[in-house]
Amino acid sequence: MNGKFIPEIKGSLRSHLIEVPPVIREASGIVIFGKRIKSLVFTTDVAIIRNTNADAVIAVYPFTPQPVITHAIMQSADVPVFCGVGGGITTGKRVVNLALDAEFQGAIGVVVNAPTSNETIKLMRETIDIPIVVTVVSERENFKERLEAGATIFNVSGAKNTANIVRRIREQFPTVPIIATGGPTEETIRETILAGANAISYTPPTTVEIFGKIMDRYRETF
């Protein structure tokens, strides 16, 4: 028998999953606390979190972070979770407290927004033991200062410029862990991986979009 054969088991009720693009498996992955992570689903929707084959969840949202949201996501997820703790609108000691709460709840890492100050990152590094994921949106970011402040992983979200930013980081820091958005196609995902990304965050379709397709099928039966 071929040693690479991988048996796959699916239940009749859980066969409908949101599967990340297979090309993501070409990434090297990042090993955190013994868990190798190549794909991250970018969502806070607990229904999607429970029905995806991604290796982890990156739960960042455009509102003031609240522990009750973190707790709900952590209770729902059956894979590691990176929790957003602010850094844009929410700053300073509140970010540190949210990060500590996320660690206590079992998050594998915390994510801060691009405007987060290095002083806040330093305070977080002195307080928590889990990885600090710092979001990067521009090639003009001072990556060295971020790492010196305590950043563990860069999360590159530069839209069409993502691969270029990843390439720039990788030129300066060959071994720093990088998560990056992969874009809409297998080609853009592969480009980002070849640029140096270790893991890819995937934005899934919304539940409204998925349900719309299901409802269309239901309507065809009548």
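Me: Is the crossing of helix 2 and helix 3 left-handed or right-handed?
Reply: This is a predicted model, in which local features need pLDDT of at least 70, side-chain atom pairs count only at pLDDT 80 or more, and totals for chains, interfaces and linings use all residues. Residues are numbered from 1 along each chain as its sequence is written, and side-chain values use heavy atoms, with hydrogens and water left out. A crossing is left-handed if the near helix is turned anticlockwise from the far one by less than a right angle, and right-handed if clockwise. For helix 2 and helix 3 the crossing is right-handed.

Me: At roughly what angle do the axes of helix 2 and helix 3 cross?
Reply: Helices are DSSP runs of H or I with at least four residues, strands are E runs of at least two, and both are numbered from the N terminus. Axes are lines fitted to C-alpha atoms, for helices over the stretch in contact, with angles from 0 to 180 degrees between N-to-C directions. The axes of helix 2 (residues 67-76) and helix 3 (residues 93-105) come within 10 Å and cross at roughly 25°. Because angles under 35 degrees count as roughly parallel, helix 2 is, at that angle, roughly parallel to helix 3.

Me: Which residues of helix 3 meet helix 2?
Reply: Contact means heavy atoms within 4.5 Å. From helix 2 come P67, T70, H71 and M74, and they meet L98, D101, A102 and Q105 in helix 3.

Me: Which residues have the most contacts inside the largest nonpolar core?
Reply: A nonpolar core is a set of buried Ala, Val, Leu, Ile, Met, Phe, Trp, Tyr and Cys residues joined through side-chain atoms within 4.5 Å. Buried means under 20% relative accessible area, exposed over 50%, and partly exposed in between (1.4 Å probe, protein chains only). The largest core has 53 residues, and those with the most contacts inside it are V81, V85, V110, M124, V156 and I169.

Me: Is F33 buried or exposed?
Reply: F33 sits in the loop between strand 1 (30-32) and strand 2 (35-37). Its phi is near 50°, a positive value in a residue other than glycine. Most residues other than glycine have a negative phi. With 52% relative accessibility, F33 counts as exposed.

Me: What is the relative accessible area of N113?
Reply: N113 lies in the loop between strand 6 (109-112) and helix 4 (118-127). Leaving aside neighbours within four places in sequence, N113 is in contact with V60, G86, G87, G88 and T135. N113 is partly exposed, and its relative accessible area is 28%.

Key. Angles under 35 degrees count as roughly parallel, over 145 as roughly antiparallel, 65 to 115 as roughly perpendicular and the rest as oblique.
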